[in-house]
Amino acid sequence: MRHRVTRILPYTPDQLFDLVGDVERYPDFVRWITDMSVGETRMTEPGVSVLDAEASVGFSLLKERFSTRVKRDAGKRQIDVSLLSGPFKHLYNRWKFLPHGAETEVVFDIDFEFRSRLLDAMLKANFSTAVDKLMASFEARAKALYG
């Protein structure tokens, strides 16, 4: 399943890049992320860092863990997340933070498929709502941090 969300937010691209790039803090404001373990950050080139993260998530009766590789490119103001392990056949998402006057255009792309047909059907049925709640979590966090 592929999906794209675009929002215009009243913050700088750097502020939003820093917020989304701080994956260790996700359990503080994304309610279904119950735990996050982050490995050591590695600089792969100037302005580009990579880290591995393992998230525990819980929705109602569903509890899962998955691991991702997070690549943060400060020059491009882009964050790419790819699957290392977990209940997905594939998972990839990209955040881009583009200047838009005094604001920022946030572009979030996600492409995923669960290994389990049941999980895949359950999430797809509620996917739009889940993405809206995810974006609302980040918007509320930005407001709390930056006013």
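Colleague: Is Glu139 buried, partly exposed or exposed in this model?
Modeller: The model is a predicted one, and in it Glu139 has a relative accessibility of 28%. Buried would require a value under 20% and exposed a value over 50%. Because 28% lies in between, Glu139 counts as partly exposed.

Colleague: Which side chain does Glu139 meet in a salt bridge?
Modeller: Side chains of opposite charge can pair when their charged atoms come close. For Glu139 the N to O distance in the salt bridge is 3.0 Å, and the pair links distant parts of the chain, with Glu139 in helix α4 and its partner in strand β1, 132 residues apart. The partner whose side chain meets that of Glu139 is Arg7.

Colleague: What is the relative accessibility of Asp132?
Modeller: Arg7, with a relative accessible area of 25%, is partly exposed. Asp132 likewise counts as partly exposed, because its value lies between the limits of 20% and 50%. For Asp132 the relative accessibility is 42%.

Colleague: Is Phe114 buried or exposed?
Modeller: Phe114 lies in strand β8 (residues 103-114), and, leaving aside neighbours within four places in sequence, it is in contact with Pro87, Phe88, Lys89, Leu119, Asp120 and Leu123. Its relative accessibility is 8%. Because that value is under 20%, Phe114 counts as buried.

Colleague: Which residues does Asn93 touch, not counting residues up to four places away in sequence?
Modeller: Asn93 has its place in strand β7 (residues 88-100). At 11% relative accessibility, Asn93 counts as buried. The residues that Asn93 touches, once those up to four places away in sequence are left out, are Ile79, Asp80, Val81, Phe108, Asp109 and Ile110.

Colleague: What is the relative accessible area of Ser67?
Modeller: Ser67 lies in strand β5 (residues 62-73). Not counting residues up to four places away in sequence, Ser67 touches Ala53, Glu54, Ser82, Leu83, Leu84 and Ser85. Ser67 is buried, and its relative accessible area is 14%.

Colleague: How many Å apart in space are Ile33 and Arg65, C-alpha to C-alpha?
Modeller: Ile33 is in strand β2 (residues 33-38) and is buried, with a relative accessible area of 11%. Apart from neighbours within four places in sequence, Ile33 is in contact with Tyr26, Pro27, Ser56 and Val57. Ile33 and Arg65 are 32 residues apart in sequence, while their C-alpha to C-alpha distance in space is 9.7 Å.

Colleague: What is the phi of Arg77 near?
Modeller: Most residues other than glycine have a negative phi. Arg77 is found in the loop between β5 and β6 (78-85), and at 25% relative accessibility it counts as partly exposed. Arg77 has a positive phi although it is a residue other than glycine, and the value is near 50°.

Colleague: Which residues gather with Glu24 in a patch of negative charge on the surface?
Modeller: Glu24 is found in the loop between α1 (13-21) and α2 (26-29), and it counts as partly exposed at 46% relative accessibility. Residues of such a patch need over 30% relative accessible area, so the value for Glu24 is in keeping with its place there. The residues that gather with Glu24 in the patch of negative charge are Asp18, Asp22 and Asp28.

Key. Residues numbered from 1 in each chain as written. Predicted model: local features only at pLDDT ≥ 70, side-chain atom pairs only at ≥ 80, totals over all residues. Heavy atoms only, no water. Patch = residues over 30% accessible without salt bridge, like charges linked within 9 Å, V, L, I, M, F, W, Y side chains within 5 Å. Areas by Shrake-Rupley, 256 points an atom, 1.4 Å probe, with all protein chains shown as cover. Salt bridge = Lys/Arg side-chain N within 4 Å of Asp/Glu carboxyl O. Lys, Arg positive; Asp, Glu negative; His and termini not counted. Charge placed at Lys NZ, Arg CZ, Asp CG, Glu CD. Helix = DSSP H or I, 4+ residues; strand = E, 2+ residues; numbered from the N terminus. Buried < 20%, exposed > 50% of the residue type's maximum accessible area, 1.4 Å probe, protein only. Contact = heavy atoms within 4.5 Å.
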